[in-house]
Amino acid sequence: MTTPLPVRLAAYGATTGAAALAWATLVEPRLFALRRYALPVLPQGSRPVRVLQVSDIHMVPGQRAKQEWIRSLAALEPDLVVNTGDNLSHMDAVPAALASMAPLLERPGVFVLGSNDYYAPTPKNPARYLTRDYAAAPLGRTTLPTEELRSGMADRGWVDLDNARTTMAMEASRIDLVGVDDPHIARDDYASVSAPADPDAALTVGVLHAPYQRVLDAMTADGAGLILAGHTHGGQLCVPGFGAIVTNCDLDRGRAKGVSRWWTGAGSGRRQPSDAAWMHVSAGLGASRFAPVRFACRPEATLLTLTAAEDRR
């Protein structure tokens with residue numbers, strides 16, 4: 001007796017769904033990838049600068065594979081490490097997060113914090129990310145040992161860029177960096193550190209966790225030539241051929257991960273100027289422990305090679 005077509009389709013759908021769920025929870029979250037980009041953002045004649053960006057680690061104690069993979073990134077010998085926040089996903093994760101970054105902390109580095117460096121994750125309805133309430137804070141949030149994390153990085157020499165500026169000498173080039181605390185939970189205060197880009201600096205880099213347009217516009221208005229952010233998880237669950245479903249902020253889905261361009265007014269339709277800033281949004285290395293899934297969006301870190309404008313490929 002032949003099985004009716006609707007029954008066969010239902011069985012096929014159930015099997016496919018189960019396979020996709022298994023992949024998204026058991027396989028892809030452990031398929032760590034190193035992305036590489038060359039960005040022509042330095043003045044002519046400058047030597048390349050290698051910047052390693054790590055983001056959204058969302059560490060949970062016991063995630064040994066993730067810890068070892070992060071530690072292995074030190075073999076890249078970057079000139080600068082930029083950590084764009086959300087390092088934690090558990091009350092007891094600070095020692096594991098710092099241990100995973102220990103070899104990188106021996107390199108020059110800067111960091112900003114994200115909401116998951118301040119507050120422990122909580123179970124939530126994923127459908128909320130499809131509404132205007134994606135940034136609403138849950139009631140009864142539990143605070144994380146933020147200062148232990150902050151001092152663990154700063155005491156090893158990394159510069160805290162939460163609403164702060166710094167300057168670093170890189171390969172005979174002076175690079176200015178300006179950052180803000182997490183815009184997703186309204187801790188950003190760019191006005192307190194706003195200043196026109198110094199023409200004597202090779203580059204001004206803006207650093208933030210969540211790439212909200214108000215901060216991107218302000219940084220590019222001041223002349224930042226490169227912006228580094230995280231937070232979006234690249235959409236975390238992506239549809240092949242379509243891309244990210246959400247960004248969990250007001251950034252458009254087309255810029256949910258990877259390299260793009262940004263300029264003041266980009267989000268409101270203003271035409272791209274010739275000097276538009278370069279922007280990299282990291283898809284990050286982890287996810288909330290209450291939603292430990294990835295689909296069509298591998299966990300990643302990124303090595304950005306900053307080159308002279310004449311080296312544009």
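Val 239 has its place in strand S10, which spans residues 238-239, and this position belongs to a model that is predicted. The residue is partly exposed, because its relative accessible area of 38% lies between the limits of 20% for buried and 50% for exposed residues. Val 239 also takes part in a nonpolar patch on the surface, which it forms together with Leu 237, Phe 242 and Ile 245, and the accessible area of these residues together is about 350 Å².

Another partly exposed residue is Pro 273, with a relative accessible area of 22%, and it is found in the loop that lies between strand S12 (258-262) and strand S13 (277-281). Although Pro 273 and Trp 263 are 10 residues apart along the chain, their C-alpha atoms are separated by 7.4 Å.

| Residue | Relative accessible area | State |
|---|---|---|
| Val 239 | 38% | partly exposed |
| Pro 273 | 22% | partly exposed |

Helix H2, which runs over residues 64-72, has Lys 66, Gln 67, Trp 69 and Ile 70 as its buried residues. These residues lie on the same side of H2, because they cover an arc of only 165° around the axis. On the other side of the helix, by contrast, Arg 64 and Ala 65 are exposed. As for what lies over the buried residues of H2, the cover includes strand S1 (33-42), helix H3 (94-101) and strand S14 (300-308).

Notes:
Residues are numbered from 1 along each chain as its sequence is written. This is a predicted model: local features need pLDDT of at least 70, side-chain atom pairs count only at pLDDT 80 or more; totals for chains, interfaces and linings use all residues. Side-chain values use heavy atoms; hydrogens and water are left out. Patches are made of residues with over 30% relative accessible area and no salt bridge: like charges are joined within 9 Å, nonpolar side chains (Val, Leu, Ile, Met, Phe, Trp, Tyr) within 5 Å. Accessible areas come from the Shrake-Rupley method with a 1.4 Å probe; for residues, only the protein chains shown count as cover. A salt bridge is a side-chain nitrogen of Lys or Arg within 4 Å of a carboxyl oxygen of Asp or Glu. Helices (H or I, at least four residues) and strands (E, at least two) are DSSP runs, numbered from the N terminus. Buried means under 20% relative accessible area, exposed over 50%, partly exposed in between (1.4 Å probe, protein chains only). The arc is that of the directions from the helix axis to the C-beta atoms. Contact means heavy atoms within 4.5 Å.
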